[in-house]
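Please examine the structure shown below. The explanation that follows moves from an annotated domain to its aromatic pairs and then to the ligand.

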Amino acid sequence: MSESTTDFSTIGLLGFGTMGAGIAHVLASSGRTVIVLDTDQDRLEAGSAAVTAFLDDSIARGTGTDEDKTAVLTRIITTTHVADLAGVDAVIESVTENAEVKTVLLREVATVVGEQIPLLTNTSALSVTDLAAALPNPARVAGLHFFNPAPVQRTIEVVRALQTDGDLIERLVAFVDTLAEKSAVVVRDRPGFLINSLLLPYLNDVIAEYDDGLATAEDIDVALELGLGYKTGPLKMLDTIGLDDHLHASEAAYAATLDSRYAPPPLLRQMVAADRLGDKNGHGFRTGQPTEEKN
Ligand SMILES: NC(=O)c1ccc[n+]([C@@H]2O[C@H](COP(=O)([O-])OP(=O)(O)OC[C@H]3O[C@@H](n4cnc5c(N)ncnc54)[C@H](O)[C@@H]3O)[C@@H](O)[C@H]2O)c1
């Protein structure tokens, strides 16, 4: 476990959902103190349980110890009061993907933390530039985009909004370097940033080809895993991401660009309408499907 706390030694984290729990784990594992805000006690307890599950998993795999677990959990402080964020060195926002929810909360947080404290957003699909424009001192706003699950995924996108101060970008790259096995990628603020702007069209192409009957879902995944050396086949990946989340990300990128590469294919909309969301509810392209006939 790294004990480096050179910068941002106490971080305010907004939202203790899927991503918030993973991010809290990553930050606390780097030796930092994390003050996590969510709307109510039940959500805070669910977030703490998710962090505990990550740590127990590490112990079971022999990559963590009981001492690590205690140390990490001790560094995560939970609250439902924005006032408790006074004194943090940076804020990472990871609440529900809704521009108004994020803006209202960050404005309130800004009044507590002061003008110079960096406000960082983990949004996947919203414009960081738009968000910065709605906040006091937009130069201290940037994106810090983690991938799911945050403790496992190794890339973090540092997103430069039009207003972001160059020094802040340098501080964020140095900060990411202090997180275990994470690498920063600095990207401009555009729909999907870097990874999703390339991933969304690829996944949408695969869905369209599958809908056209190119091959079975299993064979498409096997072909890309073995033929191109991808770690996870695209249809398995879609089930993991969640088809509703992928639809939302595609719609947002399409609305922002009118680029047809992002347009959600008809089968994606149908899958979501039929409540086939992937791993999260046990029905998707690969999850819960009987083995298909080969062509
Ligand atoms: N899930 C992913 O794969 C993924 C990956 C990268 C980035 N993101 C981004 O991370 C952010 C969070 O996504 P998630 O999947 O963790 O969502 P989630 O629904 O699991 O968690 C969101 C949390 O925010 C809390 N919240 C909502 N309004 C709040 C408020 N006013 N004050 C405090 N807490 C509030 C909710 O109670 C919930 O616990 C989104 O912006 C999303 O786009 C998600």
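Residues 192–286 form a span that is 63% helix and 0% strand, and its end C-alpha atoms lie 25 Å apart. Helices here are DSSP runs of H or I with at least four residues, strands are runs of E with at least two, and both are numbered from the N terminus. For residues 192–286, an unreviewed UniProt entry gives the feature "domain: 3-hydroxyacyl-CoA dehydrogenase C-terminal"; such annotations may be inferred rather than shown by experiment.

The model is predicted, so local features need pLDDT of at least 70 and side-chain atom pairs count only at pLDDT 80 or more, whereas totals for chains, interfaces and linings use all residues. Residues are numbered from 1 along each chain as its sequence is written, and side-chain values use heavy atoms, with hydrogens and water left out.

The structure holds three aromatic pairs. Rings of Phe, Tyr and Trp (its six-membered ring) pair if their centres lie within 6.5 Å; planes under 30 degrees apart count as stacked, over 60 as edge-to-face and the rest as tilted. One of the pairs joins Tyr202 and Tyr230 edge-to-face, at 5.8 Å centre to centre with 75° between the planes. Because Tyr202 belongs to helix H7 (residues 195–211) and Tyr230 to the loop between helix H8 (217–228) and helix H9 (234–241), this pair ties together parts that are 28 residues apart in sequence. Tyr202 is partly exposed, with a relative accessible area of 22%, and Tyr230 is also partly exposed, at 38%. Buried means under 20% relative accessible area, exposed over 50%, and partly exposed in between (1.4 Å probe, protein chains only).

Another edge-to-face pair consists of Tyr210 and Phe285, 5.7 Å centre to centre and with 90° between the planes. Tyr210 lies in helix H7 and Phe285 in the segment after helix H11 (266–273), so this pair links parts that are 75 residues apart in sequence. Phe285 is buried, with a relative accessible area of 3%.

Which residues are closest to the ligand? They are Met19, Asp38, Arg43, Glu97 and Lys102, among 21 residues that surround the ligand, where a heavy atom within 4 Å is required. Helix H4 (99–113) and helix H1 (18–29) each supply at least two residues of this shell, and H4 gives the most, with three.

Polar contacts are pairs of N or O atoms within 3.5 Å. A backbone N or O atom of Met19 lies 2.8 Å from an oxygen atom of the ligand, and a polar side-chain atom of Arg43 lies 3.2 Å from an oxygen atom of the ligand.

Notes
Polar contact = N/O pair within 3.5 Å; in protein donor to acceptor, adjacent residues only side chain to side chain.
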